[in-house]
There are 2 protein chains.
Amino acid sequence: MSLQLPHFIIKKNNSLWLTEDERDNLKISYRIKEIVFSGQSSFQHVMILDSYDFGRMLVLDGIVQTTSLDGYIYNEMITHIPLCIHPSPRKVLIIGGGDCGAAKEVCKYSSVEHIDMVEIDQLVVDVCREHLPEVSGNLSDPRVHFIFENGVTYVQNRENEYDIVIVDSSDPIGPAKVLFEKSFYQNLYKILKSDGLMVCQSQSPIFHAEIMKQTFIRISQIFPLSNIYTAVVPTYPGGLWSFTIGSKQYIDPDPSRLVYKDTRYINPKVLENCFSIPQFMEQQLKSD
Amino acid sequence: MSLQLPHFIIKKNNSLWLTEDERDNLKISYRIKEIVFSGQSSFQHVMILDSYDFGRMLVLDGIVQTTSLDGYIYNEMITHIPLCIHPSPRKVLIIGGGDCGAAKEVCKYSSVEHIDMVEIDQLVVDVCREHLPEVSGNLSDPRVHFIFENGVTYVQNRENEYDIVIVDSSDPIGPAKVLFEKSFYQNLYKILKSDGLMVCQSQSPIFHAEIMKQTFIRISQIFPLSNIYTAVVPTYPGGLWSFTIGSKQYIDPDPSRLVYKDTRYINPKVLENCFSIPQFMEQQLKSD
């Protein structure tokens with residue numbers, strides 16, 4: 001009797017391995033203890049794997065998205081920074097963020113009254129809430145409203161609704177590509193209140209310098225204030241990851257607002273210094 | 001006619017691949033354009049490979065040590081920080097550092113009159129100077145004195161000689177293990193002048209937290225002043241990397257001393273902020 005393995009997983013020397021096939025010239029293989037969940041949604045192949053080195057991982061179409069080991073880094077950094085820049089965030093929109101980790105962090109701020117989480121794939125949310133508690137925190141805060149639809153469609157024809165928009169997208173290939181387009185950022189501008197701000201992940205300064213720069217330029221052209229910051233996310237290629245902010249009124253974070261009693265990456269010093277980018281990034285952003 | 005490949009390299013689908021075999025549960029495979037150099041020294045197997053994603057790489061016993069893409073990050077961060085802490089560094093000792101990148105950076109400081117570089121393996125120095133110019137800068141500064149011997153032996157029975165010691169070692173397995181022992185740090189204390197300071201790479205806070213902590217504790221027990229800082233090195237596991245400083249008199253870097261006309265990672269802001277470590281590192285260093 002043999003169970004069929006998802007085609008992303010191979011068995012070698014009596015062990016299971018996931019090899020990411022995203023890049024032509026660099027292959028990363030994770031040794032797997034157990035396939036916790038494997039299924040196909042209308043949008044993508046979804047797995048929760050238990051790995052030896054990174055604990056449980058969310059894997060979409062064979063690519064690792066977040067892990068128990070380091071998921072908190074990305075999720076803390078995409079949320080606490082904008083929440084410390086806006087003086088009184090009450091209504092927050094998260095686009096993507098199916099692992100629920102970003103929503104979990106936003107819930108730490110008592111000023112926040114309402115969080116709309118627009119995620120295209122309900123299966124991702126369901127399996128992360130059930131099988132990836134280290135990242136999702138089994139999210140069940142009543143302020144979080146799940147809306148399972150396309151983020152691009154959602155932000156069309158809405159105005160003046162949110163204090164903060166967090167774009168927690170996957171890479172700009174496949175379904176997430178439109179979340180990196182100028183028309184999408186223009187709609188984010190409209191959906192924000194007159195003192196609102198947005199943040200998005202803007203890829204690796206090492207391996208996706210052009211996308212990072214293009215994202216920063218597009219957002220800078222639409223919003224009067226913009227800035228870029230970094231964090232180290234071990235499971236993303238190159239480790240260093242960039243985030244871009246576009247804002248209508250506020251741009252400086254206030255460390256006194258930071259809720260960091262149980263954070264594991266961010267603290268007041270990291271908040272103040274994450275905008276100090278390496279020299280090569282300064283040069284990338286300046287170059288023609 | 002077939003040439004024999006070094007046993008670290010395999011041919012698959014008409015391409016050459018290097019797979020690092022260091023870790024049991026995570027395998028990283030690099031697609032290779034060309035084997036530029038391959039040979040065995042008395043100490044280790046030495047290769048220079050030209051890779052698709054990272055350019056030329058120094059590979060020792062099958063493990064990537066430094067690459068053209070990101071070697072400057074590590075080499076700038078292990079040198080400019082101590083050189084900006086000491087107000088007038090004149091005599092510098094580098095232990096290890098066979099890729100010559102650290103020595104290249106130290107040479108940027110005009111106060112430095114003499115650099116002793118104690119590297120156990122002359123073959124590494126020779127091939128990096130010839131085949132890895134992006135990292136070594138074809139180092140030929142007359143202030144650099146190469147001493148090909150064991151660093152542990154070199155620092156025994158010497159006193160009061162250097163302003164700065166830079167320990168640019170490989171991982172604490174095999175020959176570099178002794179460079180993480182307390183008796184070695186005690187000898188560094190002795191070899192430093194009365195206002196001298198040392199720095200060493202202290203591994204990944206993510207994957208080698210115990211080694212990092214142990215290194216920091218050992219150095220803190222010997223030197224009156226100590227501190228820890230980080231940089232992001234994409235080709236090292238986890239991206240985030242730690243460095244530990246032990247000092248007799250000075251511990252604060254002075255950004256006005258920084259020579260950063262042609263650096264690619266460090267700038268005055270990075271210099272000031274690299275000591276702001278993530279919350280989980282603070283907790284690791286505090287815990288019993």
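## A first look at a two-chain model

Helix H7 (residues 209–222) of chain A lies across strands S11, S12 and S13 of chain A, and its direction is at about 10 degrees to S13(A). Please keep in mind that this is a predicted model.

**The sheet under the helix**

Let us start with the strands. In chain A, seven strands form an open sheet with mixed pairing, in the order S9-S8-S7-S10-S11-S13-S12. Strand S9 (144–147) and S12 of chain A are at the edges; each has a single partner strand, so one side of each is left without a neighbour in the sheet. On average, neighbouring strands of this sheet are turned by 15 degrees against each other, direction ignored.

How many of the residues of strand S12 (residues 225–232) of chain A are buried? Six of its eight residues are, and the strand is mostly covered. S12(A) runs antiparallel to strand S13 (residues 240–247) of chain A, and eight bridges join the two. Within this pairing, A:Val232 has A:Leu240 in S13(A) as its bridge partner. S13(A) also pairs with strand S11 (residues 192–201) of chain A, in the antiparallel sense and over five bridges. Here A:Gln201 has A:Phe243 in S13(A) as its bridge partner.

**Where the chains meet**

Strands also link the two chains. S3(A) and strand S3 (residues 26–40) of chain B pair over five bridges in the antiparallel sense. In this pairing A:Ser29 stands opposite B:Lys27 in S3(B).

| Strand pair | Bridges | Sense |
|---|---|---|
| S12(A) and S13(A) | eight bridges | antiparallel |
| S11(A) and S13(A) | five bridges | antiparallel |
| S3(A) and S3(B) | five bridges | antiparallel |

Taken as a whole, the contact involves 31 residues of chain A and 31 residues of chain B. On the side of chain A that touches chain B, strand S3 (26–40), helix H8 (268–273) and helix H9 (279–286) of chain A each supply at least two residues. Which element gives the largest share of that side? S3(A) does, with six residues. By residue type, the side of chain A that touches chain B has 14 nonpolar, nine polar and eight charged residues.

**Two helices in chain B**

Now for chain B. Two packed helices are described by the angle between their axes and the distance between the axes. For helix H6 (residues 182–191) and helix H7 (residues 209–222) of chain B, the angle is about 40 degrees and the axes are 10 Å apart. H6(B) and H7(B) are therefore oblique to each other, and their crossing is right-handed. From H6(B), B:Lys182, B:Tyr185, B:Gln186 and B:Tyr189 meet B:Arg218, B:Ile219 and B:Ile222 in H7(B). The residues of this contact of H6(B) with H7(B) comprise four nonpolar, one polar and two charged.

B:Ala209 belongs to helix H7 of chain B. Because 17 other C-beta atoms lie within 10 Å, B:Ala209 is partly exposed. Its C-alpha atom is 9.7 Å from that of B:Ser242, a residue 33 residues apart from B:Ala209 in sequence.

B:Thr153 is part of helix H5 (residues 151–154) of chain B. Is B:Thr153 buried or exposed? B:Thr153 counts as exposed because it has 12 C-beta neighbours inside 10 Å. Between the C-alpha atoms of B:Thr153 and B:Asn187 there are 9.8 Å, and the two are 34 residues apart along the chain.

Definitions and conventions. Residues are numbered from 1 along each chain as its sequence is written. Chains are lettered from A and ligands numbered from 1 in the order in which they are written. This is a predicted model: local features need pLDDT of at least 70, side-chain atom pairs count only at pLDDT 80 or more; totals for chains, interfaces and linings use all residues. Helices (H or I, at least four residues) and strands (E, at least two) are DSSP runs, numbered from the N terminus. A residue is buried if 20 or more other C-beta atoms lie within 10 Å of its own, exposed if 12 or fewer, and partly exposed in between; C-beta atoms are placed from the backbone. Two residues are in contact if their C-beta atoms, placed from the backbone, lie within 7 Å. Ala, Val, Leu, Ile, Met, Phe, Trp, Tyr, Cys and Pro count as nonpolar, Asp, Glu, Lys and Arg as charged, and the others, Gly among them, as polar. Two strands pair if DSSP finds at least two bridges between them. Axes are lines fitted to C-alpha atoms, for helices over the stretch in contact, and angles run from 0 to 180 degrees between N-to-C directions. Angles under 35 degrees count as roughly parallel, over 145 as roughly antiparallel, 65 to 115 as roughly perpendicular and the rest as oblique. A crossing is left-handed if the near helix is turned anticlockwise from the far one by less than a right angle, and right-handed if clockwise.
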